[in-house]
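Subject: Model handover

Hello,

Please find the model below, with the sequence. My notes on it follow.

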Amino acid sequence: MSALSFGHLPALFVPAGPMSSGLPNKEKVRVRQLYAEGKADRQALLEAEAASYHGIGTCTFYGTANTNQMIMEVMGLHLPGASFVHPDTPLRDALNDAAARQVTRLTETAGNYLPIGRLVDEKVVVNGIVSLLATGGSTNLTMHMVAMARAAGIIINWDDFSELSEAVPLLCRIYPNGPADINQFQAAGGVQLVVRELLQHGLLHQDVHTVAGFGLERYTQEPWLDNGQLAWRDGAERSLDDSVIASIAQPFEHHGGTKVMSGNLGRAVMKNLRRPGG
């Protein structure tokens with residue numbers, strides 16, 4: 001929103017990336033449950049939490065921070081594949097350097113003027129919503145994205161999320177909607193695979209501007225270091241772990257799961273997702 005307040009300027013977002021995996025989610029849930037039942041003390045709870053969230057980077061569950069990182073990538077505001085690379089790694093350092101260079105190429109001086117106010121259009125906003133629904137991301141984004149769109153001069157509301165949810169299948173099981181953490185999602189094919197699936201089935205707009213160039217198909221590629229030099233190659237064409245990322249042919253759910261509820265207390269958004277085995 002701050003960047004869109006200066007919509008005449010180019011902008012490129014640089015994600016932090018997640019910390020490495022710590023205590024498995026099943027064990028974390030077990031300790032929390034024992035604490036809630038009075039069968040584990042506060043010290044045991046603190047030790048489990050410290051072992052879960054133990055390093056630099058975003059938390060490894062699919063909460064607000066990681067949902068934001070994923071959505072910004074699908075909206076074409078990150079370099080392709082940048083969202084879930086660990087901090088303080090050679091690949092992350094190379095991506096950060098490349099981001100700084102790339103934003104200078106989006107200027108009028110460079111002859112490729114692409115301000116963020118031109119990049120973020122209606123199709124880009126819809127792509128962001130679709131990616132949220134397909135991955136089962138944080139419902140906080142139903143507020144964040146309304147505000148982001150408004151800053152770009154685009155009006156959306158909760159009804160848009162709910163209606164799109166009827167058309168967009170759930171492709172991911174990431175904690176708290178499943179046992180896998182964000183690093184397991186990345187290893188299963190990550191954002192590149194989700195974008196590929198959604199593009200192939202006409203659920204994302206391909207014809208959009210991105211900070212990497214025109215066309216969202218660029219975001220089916222993953223970054224890697226080729227003899228120390230940053231390069232991109234085709235990402236996974238199918239899920240490397242179908243308990244984490246499903247195909248559109250066999251989704252976890254046939255809808256995105258975000259619903260609007262209305263009643264005598266007002267309106268609210270909820271996730272309507274069954275847990276595995278539930």
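**Backbone and packing notes**

N227 is exposed at 76% relative accessibility (exposed means over 50% relative accessible area, buried under 20%, partly exposed in between, with a 1.4 Å probe and protein chains only). This is a predicted model, in which local features need pLDDT of at least 70 and side-chain atom pairs count only at pLDDT 80 or more, while totals for chains, interfaces and linings use all residues. Residues are numbered from 1 along each chain as its sequence is written, and side-chain values use heavy atoms, with hydrogens and water left out.

N227 sits in the loop between β3 (221-226) and β4 (229-234); helices (H or I, at least four residues) and strands (E, at least two) are DSSP runs, numbered from the N terminus. Its phi is positive, about 55°, although N227 is not a glycine. D88 also is not a glycine and has a positive phi of about 55°. D88 belongs to the loop between α3 and α4 (90-104) and is exposed, with 64% relative accessibility. For background, most residues other than glycine have a negative phi, and most peptide bonds are trans. The peptide bond from Y175 to P176 is cis, with omega near 15°, and P176 is in the loop between α8 (158-165) and α9.

Next, the helix pairs. Helix α1 (residues 25-36) packs against helix α2 (residues 42-52) at an angle of about 160°, with the axes 10 Å apart. Axes here are lines fitted to C-alpha atoms, for helices over the stretch in contact, and angles run from 0 to 180 degrees between N-to-C directions. The angle makes α1 roughly antiparallel to α2 (over 145 degrees is roughly antiparallel, under 35 roughly parallel, 65 to 115 roughly perpendicular, and the rest oblique). Their crossing is left-handed, a term for a near helix turned anticlockwise from the far one by less than a right angle, with right-handed for clockwise. On the α1 side, K28, V31, R32 and Y35 meet R42, A44, L45, A48, E49 and S52 of α2, where contact means heavy atoms within 4.5 Å. By class, the residues of this contact are five nonpolar, one polar and four charged (Ala, Val, Leu, Ile, Met, Phe, Trp, Tyr, Cys and Pro count as nonpolar, Asp, Glu, Lys and Arg as charged, and the others, Gly among them, as polar).

α3 is mostly covered, with eight of its eleven residues buried. These are N66, T67, Q69, M70, I71, M72, E73 and V74. The cover includes α6 (122-135), α7 (141-151), α9 (182-187) and α10 (190-200). The axes of α3 and α10 come within 11 Å and cross at roughly 50°, which makes α3 oblique to α10. In the contact, M70, E73 and V74 of α3 meet V191, Q192 and V195 of α10. Four of the residues in that contact are nonpolar, one is polar and one is charged. Just after α3, G76 has a positive phi of about 80°.

What does the side chain of T58 contact? It makes a polar contact with the side chain of N66 at 2.8 Å (a pair of N or O atoms within 3.5 Å; within protein, one must be able to donate a hydrogen and the other to accept it, and residues adjacent in sequence count only if both atoms are side-chain atoms). T58 is buried, with a relative accessible area of 12%, and is found in the loop between α2 and α3 (64-74).

Regards
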